[in-house]
Amino acid sequence: MKAVLQRVAEARVVVDGEIVGQIGRGLLVLVCAERGDAEAQADKLLAKILKLRIFSDAAGKMNRSVQDVDGQGACGGLLVVSQFTLAADVSGGNRPSFTGAAAPDEGLRLYDYFVAQARAAHPQVETGRFAADMQVHLVNDGPVTIPLHIAPSA
């Protein structure tokens, strides 16, 4: 699975003029299931996201995770948005190929699994809407943007 994390001061997802997911300080997680991915990749990706130390401590160093953004145990939000375009392959020309993305039904299954696991492990999880035309609004904090990739097991 692939993800792009953006540390945000706030973020929201709008579909047809309606806010469907919104967080304050936390992480916007753009996530993509690829062909060959399974629950194991989703679990590893989520574990990495929850423990990744990309929030600043009192000294300004990136030493805190989304699970403890203020050093006092306060959790930041997670806004999880499906984005199959992370699987884009542009090596063959100027039009991206998305053949590396999981099939839509499998992508939805793994996205739903990832969100359910995130909700079980973290107190504030919001989402976009799978396969919808979404407008994602964010205030990137830093900016800090981190790409992650968990390859399928051989």
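Which residue in β7 stands opposite L79? In this predicted model, the residue opposite L79 is E126. Strand β7 covers residues 125-127. It pairs with β6 in the parallel sense, over 3 bridges.

Strand β6 spans residues 77-82. It is mostly covered, with 6 of its 6 residues buried. G77, L79 and V81 point one way from the strand. L78, V80 and S82 point the other way. Both sets are buried. In a regular strand, side chains alternate between the two faces of the sheet. Strand β6 also pairs with β3. These two strands run parallel and are joined by 6 bridges. Within this pairing, G26 stands opposite G77 of β6. Together with α2 and β7, β6 makes a right-handed β-α-β unit.

The loop between β6 and α2 holds S91. Is this residue buried or exposed? S91 has a relative accessible area of 67%, over the 50% cut-off, and is therefore exposed. Its side chain makes a polar contact with the side chain of D89, at 2.7 Å. S91 and G142 are 51 residues apart along the chain. Their C-alpha atoms are separated by 31 Å.

R7 presents another setting. This residue lies in strand β1. R7 is buried, because its relative accessible area of 8% falls under the 20% cut-off. The side chain of R7 reaches the backbone oxygen of I54 at 2.7 Å. Beyond its neighbours within four places in sequence, R7 is in contact with a set of residues that includes G26, L27, F55, S56 and M62. V139, N140, D141, G142 and V144 are also among its contacts.

The charged pairs come next. How many salt bridges does the count give? The count comes to 4. One of them joins E34 to K2, with the closest N and O atoms 3.8 Å apart. E34 lies in the loop between β3 (26-32) and α1 (39-51), and K2 in strand β1 (residues 2-15), so the pair ties together parts that are 32 residues apart in sequence. E34 is buried, at a relative accessible area of 13%. K2 is partly exposed, at 23%.

D141 sits in strand β8 (residues 135-149) and R7 in β1. The pair thus links distant parts of the chain, 134 residues apart. D141 is partly exposed, with 25% relative accessibility. R7, by contrast, counts as buried at 8%.

A further salt bridge connects two helices. R109 lies in helix α2 (residues 104-121) and E39 in helix α1. The closest N and O atoms of R109 and E39 are 2.5 Å apart. These residues are 70 positions apart, and the pair links distant parts of the chain. R109 counts as partly exposed, at 34% relative accessibility. E39 is also partly exposed, with a relative accessible area of 29%. Salt bridges that share partners join E39, E106 and R109 into one network.

Technical notes. Residues numbered from 1 in each chain as written. Predicted model: local features only at pLDDT ≥ 70, side-chain atom pairs only at ≥ 80, totals over all residues. Heavy atoms only, no water. Salt bridge = Lys/Arg side-chain N within 4 Å of Asp/Glu carboxyl O. Helix = DSSP H or I, 4+ residues; strand = E, 2+ residues; numbered from the N terminus. Buried < 20%, exposed > 50% of the residue type's maximum accessible area, 1.4 Å probe, protein only. Polar contact = N/O pair within 3.5 Å; in protein donor to acceptor, adjacent residues only side chain to side chain. Contact = heavy atoms within 4.5 Å. Pairing = 2+ DSSP bridges. Right-handed = clockwise from strand over helix to strand, strands pointing away.
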